[in-house]
Amino acid sequence: MLGLALAVALAAVHVLAGRLRVLDRVPRSAWLSGAGGASVAYVFVHLLPELAASQETLAASAGAALEGLEAHAWLLALLGLAVFYGLERAAVRSRAEEVSETGRDQTEPGVFWLHMGFFAVYNAIIGYLLLHREDPGVGALLVYASAMALHFLVNDYGLREHHRALYDRIGRWVLGAAVIGGCLLGTVTRVGEPALAMLVAFLGGAVVLNVLKEELPAERESRFWAFALGATAYAALLLLA
């Protein structure tokens with residue numbers, strides 16, 4: 001029940017984030033930069049080391065049959081990063097074409113639905129991992145959920161900027177439902193340890209790309225001090241927990 005309650009809370013981040021007008025400004029809100037730093041800290045301090053530990057366990061228990069799994073998992077992290085980089089480039093290109101052809105600074109509907117499809121799968125994985133992770137403790141669950149809530153703030157801002165009214169009218173509800181759907185799926189099914197490790201790997205690569213693509217463009221005028229403070233504070237929290 002706690003996992004499902006947290007899934008609803010994460011869905012609410014997508015549904016309600018647009019009301020936080022303090023986030024929608026240039027220079028970039030320090031809150032967004034700080035949230036991005038915390039999300040990246042979670043990936044590097046907790047998620048990827050968790051993946052490495054699970055790989056060692058698998059190698060020790062399965063022997064030669066799964067020796068190649070370690071490389072496959074890290075390739076999936078690279079795949080997660082590459083897939084979402086491709087989606088970002090498609091959205092940027094679509095916005096540029098729409099501006100030149102119609103004067104509207106937003107993506108075309110086809111790219112919007114492409115984005116929603118992949119981000120729905122992404123959010124469903126996050127929802128599923130609320131119930132099935134390498135570290136099943138309540139404390140670890142709350143740390144994971146809080147990191148993903150901050151990450152959703154960053155994602156929501158970027159998606160709203162690309163898709164405008166379509167995102168407000170449809171997209172935020174699709175992504176909120178995907179988190180809850182992934183959690184509900186986790187109540188009726190459980191994948192094996194190899195598949196779980198690969199889900200974590202794909203998620204780790206995707207989170208890194210989705211945060212950094214929001215922080216790095218020059219037009220964002222991001223706040224490095226806030227990003228660094230968020231990363232440092234959250235990393236310290238993870239190390240002390």
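I began with Arg164, which counts as partly exposed because its relative accessibility is 32% (buried means under 20% relative accessible area, exposed over 50%, partly exposed in between, with a 1.4 Å probe and protein chains only). Arg164 sits in the loop between α5 and α6 (165–188). I noted its phi near 55 degrees, a positive value in a residue other than glycine.

A note on ground rules: this is a predicted model, where local features need pLDDT of at least 70, side-chain atom pairs count only at pLDDT 80 or more, and totals for chains, interfaces and linings use all residues. Residues are numbered from 1 along each chain as its sequence is written, and side-chain values use heavy atoms, with hydrogens and water left out.

Next I turned to helix packing. Helices here are DSSP runs (H or I, at least four residues; strands are E, at least two), numbered from the N terminus. Helix α4 (residues 109–128) packs with helix α5 (residues 138–163) at an angle of about 180 degrees, their axes 13 Å apart. That makes α4 roughly antiparallel to α5 (angles over 145 degrees count as roughly antiparallel, under 35 as roughly parallel, 65 to 115 as roughly perpendicular and the rest as oblique). The axes are lines fitted to C-alpha atoms over the stretch in contact, and angles run from 0 to 180 degrees between N-to-C directions.

Which residues make the contact? On α4 I found, among them, Val111, Phe112, His115 and Phe119, and on α5 residues including Tyr144, Met148, His151 and Phe152 (contact means heavy atoms within 4.5 Å). The contact residues divide into 11 nonpolar, 6 polar and no charged (Ala, Val, Leu, Ile, Met, Phe, Trp, Tyr, Cys and Pro count as nonpolar, Asp, Glu, Lys and Arg as charged, the others, Gly among them, as polar).

Last, the rings. I counted 6 aromatic pairs in the structure (rings of Phe, Tyr and Trp, its six-membered ring, pair if their centres lie within 6.5 Å; planes under 30 degrees apart are stacked, over 60 edge-to-face and the rest tilted). Phe84 and Phe119 are edge-to-face, 5.0 Å centre to centre with 75 degrees between the planes. The pair links distant parts of the chain, 35 residues apart, with Phe84 in helix α3 (residues 69–102) and Phe119 in helix α4. Phe84 is buried at 1% relative accessibility, and Phe119 is buried at 3%. Phe119 also pairs edge-to-face with Tyr122, centres 5.7 Å apart and planes at 80 degrees. Ring pairs link Phe84, Phe119, Tyr122 and Phe202 into a cluster.
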